[in-house]
Amino acid sequence: MKTVIIGAGVAGLAIGWRLAQQGASVTVLDRAQPGRGATWAAAGMIAATAETGEAETPQTELAHRARSLWPDFAREIETASGLSIGYVRNGSLLVATSEEDASHFVERARADGDLSLLTAAQARAMEPMLADGVRAGLFAAKEAQVDNRALGDALARCFLRAGGTLIPNEAAIRIESDFTRAFAVRTPFGYHEADAFVLAAGAWSGAIEGLPPGVLPPVRPVKGEMLALAPPKGAALPSHVVLANDAYLVPRRDRLLVGATIEDAGFDTSLSDAAENWLSARALSLMPGLRDWRIVEHWAGLRPGSPDGLPLLGKSALGGLFIASGQYRNGILFAPAVAEILSRSVLEQSPGPKAFDPRRFSGALAPDAGFR
């Protein structure tokens with residue numbers, strides 16, 4: 001089977017790798033450089049509990065399934081690429097800064113066996129930089145993180161070593177079809193025919209021309225800005241991902257990531273002083289000692305959002321066209337599960353999770369089974 005994938009982010013590269021491993025002829029097109037979009041801008045958290053909340057939903061099921069795949073997925077990537085991707089399961093610490101949040105933590109710990117309830121003193125023992133105003137903590141020991149920028153480079157190498165063809169700086173402009181089936185992708189430089197097409201272009205997935213009404217995925221860009229802080233000489237980094245007050249702190253080898261803003265600003269990725277101030281204030285409210293740390297990077301990325309907040313994964317209403325988009329903040333977390341779902345959809349025509357069926361927006365949703 002000949003397949004063209006539009007988008008060389010973590011989703012497109014992982015799907016392409018899985019398809020190439022199973023003997024498919026795969027070409028991945030990207031409008032810029034592989035792994036330099038939302039994959040590059042992310043924080044690399046593999047935080048199923050912290051990111052998806054408490055309710056039992058198809059999204060939390062997908063998140064926990066993906067998290068369970070990550071240890072083997074990371075080992076396989078490092079073996080196949082020869083590159084380290086910095087995968088580490090060091091847990092996430094959720095922090096309560098009010099009595100109301102602390103009471104809610106008690107209830108949440110009772111309901112979720114993955115969470116350990118901590119007193120304020122226990123939370124500060126884990127992370128001594130935490131502010132005195134901390135009231136309680138929840139520790140999610142199974143959460144992990146990965147160096148998302150290294151991950152993009154490693155997945156590109158895995159894909160190429162599996163026999164895939166990677167074409168950067170070639171944006172897909174139009175999908176050609178006879179209104180029943182897709183048969184080619186047109187770019188400014190070429191015309192790529194194939195048996196199957198996977199639209200995994202992140203925030204740009206909703207900007208492809210040529211698709212019949214109801215087939216174009218209703219994906220919109222959601223801007224997010226982040227900071228990276230460097231410690232002063234002799235200062236130690238936090239040991240865990242810390243989340244509170246709509247922000248998160250992610251320790252890396254030599255820096256601390258602070259994220260992230262949420263803004264509907266179209267495709268604008270300009271940086272703002274307001275975002276820098278908001279992120280700095282949130283970081284200092286959690287760890288006042290960060291006032292002595294230096295901002296070494298400030299960047300923005302575009303998350304792919306969907307109208308109902310759920311990803312679009314699987315067959316579209318147009319024959320031969322598959323969608324892998326709308327992952328919003330969870331593109332890194334979901335990656336191994338998305339690769340599993342989409343490779344099965346393309347090669348076996350297998351329906352994915354019904355809740356994520358792209359046809360739910362087209363009126364062409366078939367009565368498929370649920371999560372598979």
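Predicted model: local features only at pLDDT ≥ 70, side-chain atom pairs only at ≥ 80, totals over all residues.
Residues are numbered from 1 along each chain as its sequence is written, and side-chain values use heavy atoms, without hydrogens or water. Local features need pLDDT of at least 70 and side-chain atom pairs pLDDT 80 or more, whereas totals for chains, interfaces and linings use all residues.

**View 1. Helix α9, residues 331–348**. The 18 residues of α9 reach 23 Å from the first C-alpha to the last, close to the 26 Å expected at 1.5 Å a residue. At alanine 337, α9 bends by about 40° (the angle between axes fitted to the seven residues ending there and the seven starting there). Of the 18 residues in α9, 13 are buried (under 20% relative accessible area, 1.4 Å probe, protein chains only).

**View 2. Helices α1 (residues 10–21) and α7 (residues 148–161)**. Their axes, lines fitted to C-alpha atoms over the stretch in contact, come within 9 Å and cross at roughly 25°. The two helices α1 and α7 are therefore roughly parallel (angles under 35 degrees). Contact (heavy atoms within 4.5 Å) involves Val10, Leu13, Ala14, Gly16 and Trp17 of α1, together with Leu151, Gly152, Leu155, Ala156, Cys158 and Phe159 of α7.

**View 3. Helices α1 and α4 (residues 58–81)**. Here the axes come within 13 Å and cross at roughly 70°; α1 and α4 are therefore roughly perpendicular (65 to 115 degrees). From α1, Ala14, Trp17, Arg18 and Gln21 meet Phe73, Glu76, Ile77 and Ala80 of α4.

Technical notes:
Helix = DSSP H or I, 4+ residues; strand = E, 2+ residues; numbered from the N terminus. Expected span 1.5 Å × (residues − 1). Buried < 20%, exposed > 50% of the residue type's maximum accessible area, 1.4 Å probe, protein only. Axes fitted to C-alpha atoms, helices over the stretch in contact; angles between N-to-C directions. Parallel < 35°, antiparallel > 145°, perpendicular 65-115°, else oblique.
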